[in-house]
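I open this notebook to keep track of what I look up, one entry at a time. The structure comes first, and my entries follow it.

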Amino acid sequence: MSQRELKDLKAPVMEVFSSFQGEGLYAASPQVFLRLAGCPLRCAWCDTPGSWELAEGAQARVRTTTEKRSEPAWASPEDAQRWIDEVDPTGRMTVSVTGGEPLLWAEFLLALRPLLGRRRVHLETAGAHPESLRRVLQACDHVSADLKLPLDMGAPVAVGFDEEEASPVSHEDWRRSRLALLGLLRDRDACGKVVIAGGHPAAAYEELFDDVRERASELWLFLQPATPISGAPGPTREEVERLAAAAKGRGLRARVLGQLHRAWRLP
Ligand code: SF4
């Protein structure tokens, strides 16, 4: 990529703010969140549907300790770095890049990484685009990836950005992308999250647990009871306990952890 192309590289930023991480291996740690717009996937229990597309006239919300202001949504890596430094002037907080699906913006992420200096960079991804993940792995200190149940997924939707990697559609597609994803996460600073919805057959999760055991048996696996949103039911306590036992019975490093930021009413 030429210097000119790198200079013109932009991604749609929805918001930059600091809060506590609510999910996964680094739950409860303070982080700066950089939320990028755009997601072609359609999870039944999505808690950020507003991030699927960049709304007409939308602007980036930047929340520092002293002000909330709007900036043009299409931001260069330098813009994002400047806003991150304003949100955390210490230069030490981890940056969690989230979405939407940040892997739509692989080149932006690669260009942003060196600008962030000693900060750790954590990537929160749906894990459905392993080739894009392979490209940005070098730029990530930690990857927190969803392991999706195909039956939770609606048909993917083109959201108007250049999507370089097709999204999974069929059960087989999802299985293939999951196995590729797990191969990439093996032996890395990474975790997998499995949203547990209510009323699903245990076998659907057990197939997923078997894949983790086969490809990345040391991966931290967080079973995350779905926060009832958009009519998607949460699981019963018995369902969660049964699935936790099924994961642990396979020798997996499984933990049950709900969305802390929802419980604490944090952004
Ligand atoms: S991948 Fe994330 S943003 Fe996309 S639909 Fe699923 S939960 Fe929502």
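**Entry 1: contacts of A204.** Before looking up partners, I note that two residues are in contact if their C-beta atoms, placed from the backbone, lie within 7 Å. I also note that I am reading a predicted model. With that in hand I looked up A204, and, leaving aside its neighbours within four places in sequence, I found A204 in contact with L149 and L151. The C-alpha atoms of A204 and L151 are separated by 8.2 Å, although the two residues stand 53 residues apart along the chain. A204 itself belongs to helix 6, which covers residues 202–215. Is A204 buried, exposed or partly exposed? I found 14 C-beta neighbours inside 10 Å, so A204 counts as partly exposed.

**Entry 2: the protein as a whole.** I counted eight helices and eleven strands in the protein. Taken along the principal axes, the C-alpha atoms fill a box of roughly 50 × 40 × 35 Å. I then checked the radius of gyration: a compact globule of 267 residues would have a value near 18 Å, and the protein, with 18 Å, agrees with that. Buried residues make up 40% of the 267 residues. Of the contacts with a separation of 6 or more, 74% are between residues 24 or more positions apart.

**Entry 3: the nonpolar cores.** Which residues have the most contacts inside the largest nonpolar core? That core has 60 residues, and the ones I was looking for are V13, V16, L34 and I84. Helix 3, residues 106–112, gives the most to this core, with five residues. A second, separate core has seven residues, C43, A126, M153 and W174 among them. As background, I note that nonpolar side chains tend to be buried together in soluble globular proteins.

Not counting residues up to four places away in sequence, V13 touches L34, L36, A60, A73, A75 and A80. I84 lies in helix 2, residues 77–87, and I84 is buried because 23 other C-beta atoms lie within 10 Å, where 20 or more are needed. With neighbours within four places in sequence left aside, I84 is in contact with V16, V32, L34, V95 and L116. I also compared I84 with D47, which is 37 residues away in sequence, and found their C-alpha atoms 23 Å apart in space.

**Entry 4: around the ligand.** I listed the residues that surround the ligand and found C39, L41, R42, C43, C46, T48, S51, G99, G100, E101 and A126. This shell divides into five nonpolar, four polar and two charged residues. Two residues of the list, C43 and A126, I had already met in the second core. Two others, G99 and G100, are joined by a cis peptide bond, with omega at about 10°. I placed G100 in the loop between strand 6, residues 94–98, and helix 3.

**Entry 5: S167 and its partners.** S167 sits in the loop between strand 8, residues 142–146, and helix 5. Is S167 buried or exposed? There are 21 C-beta neighbours inside 10 Å, and therefore S167 counts as buried. Outside the four places on either side in sequence, S167 is in contact with P40, L41, A128 and P156. S167 and P40 are 127 residues apart along the chain, while their C-alpha atoms are separated by 7.3 Å.

**Entry 6: backbone angles.** Most residues other than glycine have a negative phi, and most peptide bonds are trans. A28, which is not a glycine, has a positive phi near 80°, and A28 lies in the loop between strand 1, residues 11–20, and strand 2, residues 30–36. A28 is exposed, with 12 other C-beta atoms within 10 Å. D187, likewise not a glycine, has a positive phi of about 60°, and D187 lies in the loop between helix 5, residues 171–185, and strand 9, residues 190–196. With 8 C-beta neighbours inside 10 Å, D187 counts as exposed.

**Entry 7: helix 7 and what follows.** Helix 7, residues 237–249, has 13 residues and reaches 18 Å from its first C-alpha to its last, close to the 18 Å expected at 1.5 Å a residue. Just after helix 7, G251 takes a positive phi of about 80°.

How values were computed. Residues are numbered from 1 along each chain as its sequence is written. This is a predicted model: local features need pLDDT of at least 70, side-chain atom pairs count only at pLDDT 80 or more; totals for chains, interfaces and linings use all residues. A nonpolar core is a set of buried Ala, Val, Leu, Ile, Met, Phe, Trp, Tyr and Cys residues joined through C-beta atoms within 7 Å. Helices (H or I, at least four residues) and strands (E, at least two) are DSSP runs, numbered from the N terminus. The expected span of a helix is 1.5 Å times one less than its number of residues. A residue is near a molecule or strand if its C-beta atom, placed from the backbone, lies within 6 Å of it. Ala, Val, Leu, Ile, Met, Phe, Trp, Tyr, Cys and Pro count as nonpolar, Asp, Glu, Lys and Arg as charged, and the others, Gly among them, as polar. The radius of gyration is taken over C-alpha atoms; the globule rule is 2.2 Å times the number of residues to the power 0.38.
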